[in-house]
Number of protein chains: 2
Amino acid sequence: MSRYSAGLDFGTNSVRAVIVNIADGEIAGSAVFNYPGGEMGVLIDPSDPNVARQNPADYIAGIEITLTAALKQACSSDPDCAANVIGIGVDTTGSTPIPVDTAGNALALKDEFKDNLNAMAWLWKDHTAYREAAEITVAAQAAHPEYLAKCGGVYSSEWYWSKLLKCARTDRRVFEAAAGWVELADWIPAVLTGNTVLSQLPRCICAAAHKAMFHPAWGGYPDHDFIASFDNGILSKARSSLPDTAVTIADTVGVLTTEWARKTALPPGIPVAGGALDAHLGGVGSGIRPGSMVKVIGTSTCDLAVAPLSSSINDIPGVCGVAPESILPGTYGIEAGQSAVGDIFNWYVHKLQPSGMSHAVLDQEALKLQPGASGLLALDWHNGNRTILADQQLTGVILGLTLHSTPAEIFRALVEATAFGARMIRDRMQEYGVPIERIINCGGIAQKSPLVMQIYADVLNCPMLIAASEQACALGAAISGAVVGGAYSDFDQATSAMTSLDDVNYTPIAKNVETYDRLFSLYRRLHDLFGTHGYAENQYDVMKELIVIRESSRR
Amino acid sequence: MSRYSAGLDFGTNSVRAVIVNIADGEIAGSAVFNYPGGEMGVLIDPSDPNVARQNPADYIAGIEITLTAALKQACSSDPDCAANVIGIGVDTTGSTPIPVDTAGNALALKDEFKDNLNAMAWLWKDHTAYREAAEITVAAQAAHPEYLAKCGGVYSSEWYWSKLLKCARTDRRVFEAAAGWVELADWIPAVLTGNTVLSQLPRCICAAAHKAMFHPAWGGYPDHDFIASFDNGILSKARSSLPDTAVTIADTVGVLTTEWARKTALPPGIPVAGGALDAHLGGVGSGIRPGSMVKVIGTSTCDLAVAPLSSSINDIPGVCGVAPESILPGTYGIEAGQSAVGDIFNWYVHKLQPSGMSHAVLDQEALKLQPGASGLLALDWHNGNRTILADQQLTGVILGLTLHSTPAEIFRALVEATAFGARMIRDRMQEYGVPIERIINCGGIAQKSPLVMQIYADVLNCPMLIAASEQACALGAAISGAVVGGAYSDFDQATSAMTSLDDVNYTPIAKNVETYDRLFSLYRRLHDLFGTHGYAENQYDVMKELIVIRESSRR
């Protein structure tokens with residue numbers, strides 16, 4: 001008799017439910033629900049491109065529809081399936097805070113606020129609070145530099161306190177009606193378990209750490225006085241609604257209510273795990289463990305690593321953030337990312353449209369080229385740089401162009417630039433003691449592009465493995481469901497059983513590694529030159545060195 | 001009764017003859033002959049992309065065919081035309097030296113050498129002698145730095161002595177059979193006048209100055225000992241065949257032979273002017289004079305200026321070269337250029353092919369954009385940098401790319417980069433005392449692209465005028481024919497009468513000038529950073545400043 005767990009994966013445009021066999025991680029049932037609201041599920045404001053909100057009603061509708069459909073699919077091959085689901089896990093986007101009343105009801109679900117964008121969930125990519133983020137950064141620099149040290153040095157407009165302060169300043173009615181703000185990753189488990197009362201609502205470390213300035217080192221969320229220092233204490237009520245501790249994905253935050261069991265046909269009373277952010281559970285679903293970094297590669301990347309709690313991992317400059325148990329219980333979680341990867345390739349293929357070549361043709365043509373043979377070098381900052389510079393006001397560069405530069409050569413240079421960016425992150429983590437022996441990649445690019453993966457292997461001089469699951473985030477959520485359901489005593493056992501790697505993997509090619517080492521040292525110079533204050537040196541030799549490398553690569 | 005002069009214009013792929021009315025410069029007849037040899041008239045070697053030669057037989061064939069046809073066309077509206085042609089002028093590519101025997105016959109015309117590429121004319125763009133050029137530069141740095149000072153600091157593989165040394169080393173049979181080497185610009189007038197005997201063959205200052213290290217300051221061609229220092233005096237015979245003085249386009253080097261008169265139907269005995277390089281006579285045909293710089297804009301540019309001989313113009317670092325009467329008799333000639341202009345636009349449109357947009361559509365779309373609004377900045381070094389860096393090992397850069405950068409924005413940034421490159425040249429000349437109050441542009445881009453011309457006006461903060469003639473080089477040759485034919489006492493009178501400007505011109509727009517001043521200061525920093533040894537400074541503010549300019553331009 002098989003046993004199963006359920007995973008709920010709330011993405012930017014849709015929610016997916018999976019029913020997973022706990023023995024091997026095989027997905028027995030899967031269903032997707034596209035949020036009906038707004039533009040591809042995102043509520044926007046034509047007058048302000050920074051606005052990105054979501055209707056909590058869409059989340060609620062999605063739970064019932066996807067869980068029911070996924071379970072139905074799983075039951076078609078195993079009629080006993082429904083009764084043998086032993087737990088549920090949840091991942092969501094974040095920081096995506098939702099204003100709620102004291103009972104934990106989302107304001108947006110009330111008639112009074114149902115048409116008010118400010119009462120909706122403030123989606124992770126909402127950038128309206130950029131001024132507030134800058135203010136919070138300045139204030140923390142002065143009063144609590146340790147807060148910034150944990151989040152890479154700069155507080156972001158995408159994060160919790162920036163969004164609360166922005167709402168407080170622009171929509172007092174909503175802000176005063178809210179007893180507090182709950183991350184989507186906490187709100188969904190609360191809804192499923194009925195444990196919504198704000199004063200007792202569990203908060204997960206994954207969404208709280210650095211995004212809400214939570215860290216055990218200073219007793220959890222930031223100091224009351226610090227939060228009260230903005231706008232005469234306007235945020236104090238929200239701060240007071242927060243607990244002093246946080247849960248992990250190994251914690252049971254409650255059990256499925258009879259009502260949700262009835263709606264979905266799942267067994268009532270099964271445990272629900274603490275929530276987490278989607279990329280983090282993508283790491284779990286890809287088999288993250290000490291020594292194995294996970295790169296979740298999409299339009300941007302999330303780069304995840306873990307280290308034993310016994311190791312002495314301190315703050316890592318430019319890396320946001322380092323927090324105990326934020327990814328994998330029992331380990332430090334280290335999270336970084338590149339602001340654009342797939343987005344750069346998409347820009348080149350779809351916006352610049354060189355020679356009308358398709359993505360596939362460019363991949364194919366670029367794969368025929370030798371490292372260094374184009375003489376090109378690029379900086380992958382088309383959407384700024386998240387790690388390690390934490391600077392959105394950086395831009396992309398292509399250097400080394402000649403009258404002979406081809407579309408495929410430029411494409412390859414852009415791919416290489418993202419690989420150099422990835423190496424900056426990996427190197428920085430290693431410098432600060434994070435063990436990384438191999439890298440597991442997940443996402444469509446990892447599975448579809450031998451060009452990208454071989455270049456990454458060569459540039460990082462590290463084997464590139466590919467997560468077998470196409471739904472690593474949802475699988476990660478289901479793994480947490482399996483653990484709280486008691487199928488495994490810890491995540492190490494659970495991921496060993498439930499995750500696997502693709503048969504295809506990529507090994508560094510010594511000759512390419514050597515060439516890319518030379519190119520990376522040039523990349524690193526331009527990186528420091530344009531991206532930091534600290535580096536001043538003439539660059540007369542950069543173009544010459546690229547030509548030398550080009551000539552030797554072509555021989 | 002109208003009087004006429006003839007101009008012969010030997011380009012890279014074809015020769016053109018024009019018959020011009022000396023009263024107003026109107027072209028009464030014109031004909032083109034495409035050289036039949038090789039690929040588009042250029043003899044190449046599949047095993048060495050540096051080889052570019054030309055068959056002197058093609059030149060000879062072209063004279064008869066084009067002059068006859070041009071004259072026939074002119075006579076169709078004025079039956080008395082042929083008898084009223086009073087002089088002939090000649091311009092050619094260069095440095096394009098031809099190995100000849102003591103009688104001035106090209107070796108390539110002899111049976112013995114007719115299939116030997118090394119016995120042909122070594123076309124200006126032949127780059128086989130790059131090692132020899134480097135050697136000559138090093139030797140001159142040690143022994144005669146003054147030679148290099150006149151040619152911008154670096155002796156080129158495209159020039160006379162490099163080519164001779166290369167031939168001496170690779171084809172002794174040809175080299176020993178040659179009594180000397182004659183520039184195409186000298187050989188054509190010699191052929192037309194029958195004055196081919198090598199020991200008395202006139203050499204023009206235009207081709208000799210800097211390209212053959214000729215300057216009156218050291219008595220003409222370079223010192224015999226210096227030339228003898230290469231390969232045990234192998235070049236001494238060639239050096240000894242050269243005269244001590246040089247002619248200008250105001251000098252008559254002989255009269256048309258009876259035989260050529262018979263072949264072409266021109267009057268025998270009419271004077272033939274000293275030759276000159278094509279771009280230089282393009283300057284004359286565009287109305288160059290002190291204060292009026294001429295930009296000959298094609299795939300690359302030639303930037304020409306003149307200054308009174310009474311002015312104290314010294315060597316201009318990075319500018320090759322400065323020589324008395326090399327462009328306009330009675331003035332210093334100052335010659336500079338950009339290695340690629342039209343070639344960069346062609347690369348972008350035809351090689352990169354963004355969105356399949358035509359040149360015309362890109363022009364149109366880019367014209368709608370505001371200066372600075374893209375946030376992009378480029379370096380126009382796709383084919384190296386001739387002036388003021390004299391460095392072929394520089395490459396193109398595009399900086400400031402975002403996920404929103406469009407094909408038209410990048411195109412405009414490339415055009416702006418060529419404008420900034422043009423400003424570097426103009427500024428350098430002005431710094432060293434060359435008077436430049438207005439700029440006359442000639443060539444197809446000048447006549448067809450309001451985008452390019454308005455950007456040049458704004459970036460250089462200088463009115464951009466357009467030469468009316470579409471055949472400025474051939475017209476310039478005809479003007480020299482008119483002067484030696486006695487129609488005008490000097491070139492000032494001749495160009496006043498025979499050249500004119502297009503009705504269209506471009507005036508700087510104050511707001512754009514201001515924005516481009518800000519962008520140019522960033523261009524200049526990157527120029528010095530990558531193109532010189534001297535400049536070391538962190539560039540953290542470059543991308544930020546581009547964003548500031550972008551935001552203010554979009555307001």
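Mentor: Let us begin with Lys211(A), which forms a salt bridge with Glu335(A), the closest N and O atoms being 3.6 Å apart; the term stands for a side-chain nitrogen of Lys or Arg within 4 Å of a carboxyl oxygen of Asp or Glu. This pair links distant parts of the chain, since Lys211(A) sits in the loop between helix 7 (205-208) and helix 8 (224-228) of chain A, while Glu335(A), 124 residues apart from it, belongs to strand 16 (residues 331-336) of chain A. Helices (H or I, at least four residues) and strands (E, at least two) are DSSP runs, numbered from the N terminus.

Before going further, keep in mind that this is a predicted model, in which local features need pLDDT of at least 70 and side-chain atom pairs count only at pLDDT 80 or more, whereas totals for chains, interfaces and linings use all residues. Residues are numbered from 1 along each chain as its sequence is written, chains are lettered from A and ligands numbered from 1 in the order in which they are written, and side-chain values use heavy atoms, with hydrogens and water left out.

Over all chains, the structure holds 52 salt bridges, and across the interface of chain A and chain B the rule finds two. A salt bridge also joins Asp391(B) to Lys544(A), with the closest N and O atoms 2.4 Å apart. Side chains of opposite charge can pair when their charged atoms come close.

That brings us to the place where the chains meet. Here 50 residues of chain A are in contact (heavy atoms within 4.5 Å) with 50 residues of chain B. The two chains bury about 4,100 Å² between them, 63% of it on carbon and sulfur atoms, where buried area is the accessible area (1.4 Å probe) that two parts lose on being put together, summed over both. Leu403(A), Phe530(A) and Met543(A) are the residues of chain A that lose the most area to chain B, together 18% of what that side buries.

Between the two chains, 28 residue pairs are in polar contact, both residues at pLDDT 80 or more; such a contact is a pair of N or O atoms within 3.5 Å, where, within protein, one must be able to donate a hydrogen and the other to accept it, and residues adjacent in sequence count only if both atoms are side-chain atoms. Several elements of chain A each supply at least two residues of the side that touches chain B, among them strand 18 (396-401), helix 14 (407-431) and helix 19 (510-531). The residues of that side divide into 25 nonpolar, 19 polar and six charged, with Ala, Val, Leu, Ile, Met, Phe, Trp, Tyr, Cys and Pro counted as nonpolar, Asp, Glu, Lys and Arg as charged, and the others, Gly among them, as polar.

How are the two chains related? The same surface serves both copies, as 100% of the contact residues of chain A recur in chain B.

Two bridges join strand 5 (residues 48-54) to strand 8 of chain A, and Gln54(A) stands opposite Ala121(A) in strand 8.

Technical notes
Two strands pair if DSSP finds at least two bridges between them.
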